[in-house]
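Try each task yourself before reading its solution.

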Amino acid sequence: MESLEGIAEADAHLGRPVPLPRVALPLTRWVDVCAVGPRAVEVSWNLDDTRADQPGRVALYAGAQPPPERLLDDATVAAPVAEGVVHREAPLGDAQPSLRPVHELRWQLDGLHLRLTAQGPWAIAALVDIARSVS
């Protein structure tokens, strides 16, 4: 992973504008933008998890190739949650409460492979709404 200066640098690395969520996310403390491979980027929103029961993180991978597989202990089998969108989750028992469980949604859009990784107490419907808003 290579840190990028911002979204414009991510656009250049991807070779096109990075698709981003168009719905409001929870309060963000900071954002990381990284190159994660040739024509692949990930934007990570580190959320304000100082209140109880708040999620800690959400990240969006966008790339010309599928994202690398993540080995997640005790992960569920990927299953459809919306048209073209599959979801799996894992408990991450050793993580702090705001980072467990981890959810992973995958889909394709306009020739890009997308993966939304969300850590914390997220409702699946909220994650689907985020995924559907990405453009």
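**Exercise 1. Find what the buried residues of α2 pack against.**

Solution. Start with the helix itself: α2 covers residues 124–133, and its buried residues are Leu 127, Val 128, Ile 130, Ala 131 and Ser 133. Buried here means under 20% relative accessible area, exposed over 50%, and partly exposed in between (1.4 Å probe, protein chains only). Next, look for contacts, that is, heavy atoms within 4.5 Å. The buried residues of α2 pack against β5 (79–82), β7 (102–109) and β8 (112–119). Helices (H or I, at least four residues) and strands (E, at least two) are DSSP runs, numbered from the N terminus. As for the spacing, an α-helix has 3.6 residues a turn, so residues three or four places apart point the same way.

A word on the source: this is a predicted model, in which local features need pLDDT of at least 70 and side-chain atom pairs count only at pLDDT 80 or more, while totals for chains, interfaces and linings use all residues. Residues are numbered from 1 along each chain as its sequence is written, and side-chain values use heavy atoms, with hydrogens and water left out.

**Exercise 2. Identify the residues of the largest nonpolar core that touch the most other members.**

Solution. A nonpolar core is a set of buried Ala, Val, Leu, Ile, Met, Phe, Trp, Tyr and Cys residues joined through side-chain atoms within 4.5 Å. The largest one has 28 residues, and Val 18, Trp 45, Leu 105, Trp 107, Leu 116, Trp 122 and Leu 127 touch the most other members. At least two residues of this core come from each of α1 (7–14), β2, β3, β4, β7, β8 and α2. Now zoom in on Trp 122: leaving aside neighbours within four places in sequence, Trp 122 is in contact with Pro 26, Leu 47, Pro 55, Arg 57, Val 58, His 103, Leu 127 and Ile 130.

**Exercise 3. Work out which side chains make polar contacts with Thr 117 and His 103.**

Solution. A polar contact is a pair of N or O atoms within 3.5 Å; within protein, one must be able to donate a hydrogen and the other to accept it, and residues adjacent in sequence count only if both atoms are side-chain atoms. Take Thr 117 in strand β8. Thr 117 is buried at 4% relative accessible area, and its side chain joins that of Arg 70 through a polar contact of 2.8 Å. Then move to His 103 in strand β7. His 103 is buried too, at 3% relative accessibility, and its side chain makes a polar contact of 2.9 Å with the side chain of His 87. Finally, connect the two: Thr 117 is among the residues that His 103 touches.

**Exercise 4. Trace the salt bridges of Arg 106.**

Solution. A salt bridge is a side-chain nitrogen of Lys or Arg within 4 Å of a carboxyl oxygen of Asp or Glu. The whole structure holds six of them. Arg 106 meets Glu 69 at 3.6 Å, N to O. This pair links distant parts of the chain, with Arg 106 in strand β7 and Glu 69 in the loop between β4 and β5, 37 residues apart. Arg 106 is buried at 17%, whereas Glu 69 is exposed at 60%. Arg 106 also bridges to Glu 104, the closest N and O atoms being 3.3 Å apart, and Glu 104 is buried at 4%.
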